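The stops below are meant to be selected in order.

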Amino acid sequence: MSSTASLWRNITCSTAWLSCRRSRAGNTAVKAVYWTRAYDRATGHPGRVELVEVDKPAVRGPDDVLIRVAYAALCGSDAHYIRDDLLSVVFAPPAPVGHEISGVIEDLGPAAQAKGLRRGDRVTGNFILECGHCDTCRRGMRQFCRSPRPHGAGQAEYIVWKADQVYPIPQGVSLLEAALIEPFTIAVEAVRRGGLTPGRSVMVLGAGSIGQTLIQLSGRTGAGTVAASVRTPSKQDTARLMGANLVVDPRQQDVVQAGLAHTGGEGFDVVFETSGSPECARQALQLARRGGTVVYVSYYPPGSTLDVPLFEELIFRELTIKGAQLAQNSWVQALSLFPKMDLRPLISRVYPLERYQEAYDDLLSGRHLKIVLQCCEDAQ
Ligand SMILES: [Zn+2]
Ligand SMILES: [Zn+2]
């Protein structure tokens, strides 16, 4: 079984456990967003998410941390619960959703306290708990942990995570902004994989929240020039605000021609493909300079392929091609960088948890950047 399959198998197991936790008489009930119906490929009937009541989770183990969730951002990947069956291959409803959170510790076990966490701490975290001692974890590749334990379920009033998943929010960062730290780790990991160093040129294809974050992060990492291909007009403005020196509208211009013209025909040192479009995936190769690096940071339709001319691209132009999915190895760096970022322009809308349906409608519209659920009324 591949590492990815093993990860998803574990998600399914964890989900089965959580779905048993629907509220029973006598227990305090709290609200959580659940994926309750899968997309039906035969009829084209969309999937569904709903707000359900579950038992309030509690600290049971010594390293458990009960977090009162303040904000939970919707991830682009959450759209796949409704729009298609990309996630159905490995994952089935009913299942709790949400993995980009901020909150405050309400209770915790003694082992969590021994790690320095305290009641009232403002925290965020990595929704996957790696074992930390398998061969891949010990080789520094925690994303391939052989026994990962996912704890999504963050679009909810409360979650329980293990102390090793939890990170204090840096001083000066609001709880609302902190809901963007988890997706920020993805951008940090992509920049690391791209080998971005000062003075390099960068092209970002696609301008969802990861693409926009990469524009700003590339600039603040010292990129000499940052170009972006952005289809939606409002997102073009945001891309400029985030620091793009060149914004290409793929509806009006040939992206490859415009990108090459901007670099004197050379192409870019690093190309980040964040759009999820197989066509852009091909363009990314053409936009890289000789010896350049292309990093793919998106989900693609199942079965899509990338046709790479072996001699012309890999050998003659010495391209480096990388994929990036998770970012467990970049949390520490991301937390130290986050206060230097300003990702507030990416927050398009904030809805109370009860209005989750409008939030998901906005997500599916594709017109917005980050949609955030406010999970408790007094979140600040
Ligand atoms: Zn995400
Ligand atoms: Zn491991």
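Predicted model: local features only at pLDDT ≥ 70, side-chain atom pairs only at ≥ 80, totals over all residues.

Residues are numbered from 1 along each chain as its sequence is written, chains are lettered from A and ligands numbered from 1 in the order in which they are written, and side-chain values use heavy atoms, with hydrogens and water left out.

**Domains**

Colour 3-180 together with 343-374 as domain 1, and 185-323 as domain 2; these bounds come from an automatic or database domain assignment. The C-alpha centres of domain 1 and domain 2 are 29 Å apart. Their contact (heavy atoms within 4.5 Å) takes 12 residues from domain 1 and 15 residues from domain 2.

**Zinc ion, ligand 1**

Water is not among the atoms, so sites may look incomplete. The donors here are SG of Cys-75, NE2 of His-99 and OE of Glu-100, at 2.1 to 2.4 Å. Their spacing in sequence is C-x23-H-E. Are His-99 and Glu-100 buried or exposed? Buried means under 20% relative accessible area, exposed over 50%, and partly exposed in between (1.4 Å probe, protein chains only). His-99 is buried at 11%, and Glu-100 is buried at 2%.

**Zinc ion, ligand 2**

Move to the zinc ion (ligand 2), where the SG atoms of Cys-131, Cys-134, Cys-137 and Cys-145 lie 2.3 to 2.4 Å from the metal. The 4 donor atoms subtend angles of 103 to 121°, so the arrangement is tetrahedral (for four donors, all angles between 85 and 135 degrees). For reference, the ideal angle for four tetrahedral donors is 109.5 degrees. The donor residues are spaced C-x2-C-x2-C-x7-C in sequence. Cys-131, in the loop between strand E7 (128-129) and helix H4 (135-138), and Cys-145, in the loop between H4 and strand E8 (149-150), are 14 residues apart. Helices (H or I, at least four residues) and strands (E, at least two) are DSSP runs numbered from the N terminus. Cys-131 is partly exposed at 23%, whereas Cys-145 is buried at 3%.

Now pick Thr-136, in helix H4. Thr-136 is buried, with a relative accessible area of 7%. Leaving aside residues up to four places away in sequence, Thr-136 touches Met-141, Arg-142, Phe-144, Cys-145 and Arg-146. The C-alpha atoms of Thr-136 and Arg-146, 10 residues apart along the chain, are separated by 7.3 Å.

**Strands around E1**

Select strand E1 (residues 29-37) and strand E2 (residues 48-55), an antiparallel pair with 8 bridges; strands pair if DSSP finds at least two bridges between them. Lys-31 has Glu-53 in E2 as its bridge partner. E1 also pairs in the antiparallel sense with strand E4 (residues 95-96), over 2 bridges, and Tyr-34 stands opposite Pro-96 in E4.

Step back to Pro-94, in the loop between helix H2 (80-83) and E4. The peptide bond from Pro-93 to Pro-94 is cis, with omega near 0°.

In helix H13 (residues 356-365), show the buried residues Tyr-356, Ala-359, Tyr-360, Asp-362 and Leu-363. They fall within an arc of 155° seen down the axis of H13, so they line one face of the helix; the arc is that of the directions from the helix axis to the C-beta atoms. They pack against E1, E2, H2, strand E17 (347-352) and strand E18 (370-374). Gly-366 follows H13 with a positive phi near 75°.

In helix H8 (residues 233-241), the residues Lys-235, Gln-236, Thr-238 and Ala-239 are buried. Their arc is 165°, so they too line one face of the helix. Asp-237 and Leu-241, on the other side of H8, are exposed. Helix H7 (209-220) and strand E13 (246-248) are among what covers the buried residues of H8.

**Last stop**

Finish at Glu-318, in the loop between helix H11 (310-315) and strand E16 (320-323). Glu-318 has a positive phi near 50° and is exposed at 56%.

Technical notes:
Donors = N, O, S within 2.8 Å, 3.2 Å for Na, K, Ca; no water. Tetrahedral: all angles 85-135°; square planar, octahedral: opposite > 155°, others 65-115°.
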